[in-house]
Amino acid sequence: MLGFLSARQAGLDDPLHLRRAESTRRVLGLELNKDRDVERVHGSGVNTLDIEPVEGRYMLSGGSDGVIVLYDLQNSSRQPYYTCKAVCSIGRSHPDVHKYSVETVQWYPHDTGMFTSSSFDKTLKIWDTNTLQAADVFNFEETVYSHHMSPVATKHCLVAGLFGTRGPKVQLCDLKSGSCSHILQGHRQEILAVSWSPRYEYILATASADSRVKLWDVRRASGCLITLDQHNGKKSQAVESANTAHNGKVNGLCFTSDGLHLLTVGTDNRMRLWNSSNGENTLVNYGKVYNDSRKGLKFTVSCGCSSEFVFVPYGSTIAVYTVYSGEKITMLKGHYKSVDCCVFQSNFQELYSGSRDCNILAWVPALYEPVPDDDETTTKSQLNPAFEDAWSSSDEEG
């Protein structure tokens with residue numbers, strides 16, 4: 001730590017070097033927080049989580065019961081043991097509650113006064129956080145699998161929504177006008193995941209059950225820029241339509257925080273890393289990434305670390321990999337049923353996960369070294385040596 005500070009003071013290191021190193025150390029020490037609970041409100045599985053990017057304090061959750069819950073993650077009590085309370089919820093008795101499972105919730109990227117939700121009840125709803133009333137509702141003829149708003153858009157307010165199996169398509173809804181602008185077509189089966197690029201506001205990625213991942217520029221009439229090919233063109237040079245990203249359904253995708261790469265997961269138990277500018281498969285080998293989800297799988301990446309990490313639901317656990325080397329760092333164990341979603345809080349390097357066991361768990365950086373249960377020193381504080389006071393007087397030494 002002192003070395004980092006000295007190098008920074010002397011101008012030898014980038015000012016962010018210390019922050020990145022400490023963020024990396026904290027992510028590598030993630031463990032189930034025994035001092036913090038998240039209040040259990042959902043009566044069935046938790047499908048989706050989102051933490052607002054303004055303060056990083058409030059979290060939304062959506063469940064298979066159609067309920068949406070808003071949590072305050074801050075420890076207002078200042079007590080070492082506390083519960084993240086549900087500030088409010090849109091329960092079964094609410095007049096605007098979703099009738100069926102809520103598949104995606106997302107905060108408006110620039111303001112905590114609004115959030116969005118989509119559901120199997122064929123609706124996309126825009127909510128006023130202060131009144132907890134639906135400010136606008138988009139009704140569709142088919143099931144809404146997922147939706148996403150761009151985190152960086154300044155020239156448009158488009159929400160990309162994914163729709164059903166009869167005519168798989170991406171429909172863009174304009175929040176300013178309250179109408180649906182245009183449709184992106186090209187997939188042959190249901191589209192299970194969508195994400196706007198965090199780097200370019202008009203670039204969109206979609207993943208489908210037809211084994212394909214497509215990148216779109218929503219300004220173009222033809223729409224599709226490229227269909228990703230796991231073989232990098234070596235087996236399908238004739239036509240791009242033959243390109244496949246996985247050998248099974250592609251049910252999850254996520255851009256890295258800088259938007260330069262795209263991660264995808266499929267039911268072929270593989271995760272792949274793509275160059276988002278040219279669509280090239282980087283061929284990073286993550287090994288087997290267990291995936292039996294029949295719907296969209298919501299995984300996440302770290303932000304601000306020296307080496308970035310990806311957190312992927314892996315049965316009832318969460319697997320942590322380094323993004324660019326493919327090394328599996330650890331498995332986070334705590335849920336007792338399948339995990340469907342997780343979200344990373346980059347301000348404090350914390351992870352939250354939602355599962356079919358109805359629980360939301362908090363994973364935080366470890367400050368204490370693990371101690372065997374039968375050790376006599378378990379009663380003593382086992383503080384990480386990095387945080388110990390190493391000062392001693394000359395009298396004590398000599």
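1. The model is predicted. The protein chain has three helices and 29 strands.

2. Of its 398 residues, 53% count as buried. The accessible surface of the protein chain is about 19000 Å². Carbon and sulfur atoms account for 47% of that surface.

3. Take the contacts between residues at least 6 apart in sequence. In the protein chain, 47% of these join residues at least 24 apart.

4. Three cavities of 30 Å³ or more are present.

5. What lines the largest cavity? The lining includes Tyr 290, Asn 291, Asp 292 and Ser 293. Pro 313, Tyr 314 and Gly 315 are also among the lining residues, as are Ser 338, Val 339, Asp 340 and Arg 356. Strand E24 (309-314) and strand E27 (339-345) each give at least two residues to this lining. By class, the count is five nonpolar, four polar and three charged residues.

6. The second largest cavity is lined by Val 27, Leu 28, Leu 30, Phe 309, Phe 311, Val 320, Ile 329, Thr 330 and Leu 332. Eight of the lining residues are nonpolar, one is polar and none is charged.

7. Which elements supply the lining of the second largest cavity with at least two residues each? They are helix H2 (17-28), E24 and strand E26 (328-333). E26 gives the most, with three residues.

8. Strand E24 deserves a look in the viewer.

Key. Residues are numbered from 1 along each chain as its sequence is written. This is a predicted model: local features need pLDDT of at least 70, side-chain atom pairs count only at pLDDT 80 or more; totals for chains, interfaces and linings use all residues. Side-chain values use heavy atoms; hydrogens and water are left out. Helices (H or I, at least four residues) and strands (E, at least two) are DSSP runs, numbered from the N terminus. Buried means under 20% relative accessible area, exposed over 50%, partly exposed in between (1.4 Å probe, protein chains only). Contact means heavy atoms within 4.5 Å. Accessible areas come from the Shrake-Rupley method with a 1.4 Å probe; for residues, only the protein chains shown count as cover. On a 1 Å grid over the protein atoms alone, a cavity is a set of points where a 1.4 Å probe fits but cannot get out, and a pocket is an open set with protein on both sides within 12 Å along at least five of seven lines; lining residues have an atom within 4 Å of a point. Grid points are joined across faces, edges and corners, and a volume is the space filled by probe spheres set on the points. Ala, Val, Leu, Ile, Met, Phe, Trp, Tyr, Cys and Pro count as nonpolar, Asp, Glu, Lys and Arg as charged, and the others, Gly among them, as polar.
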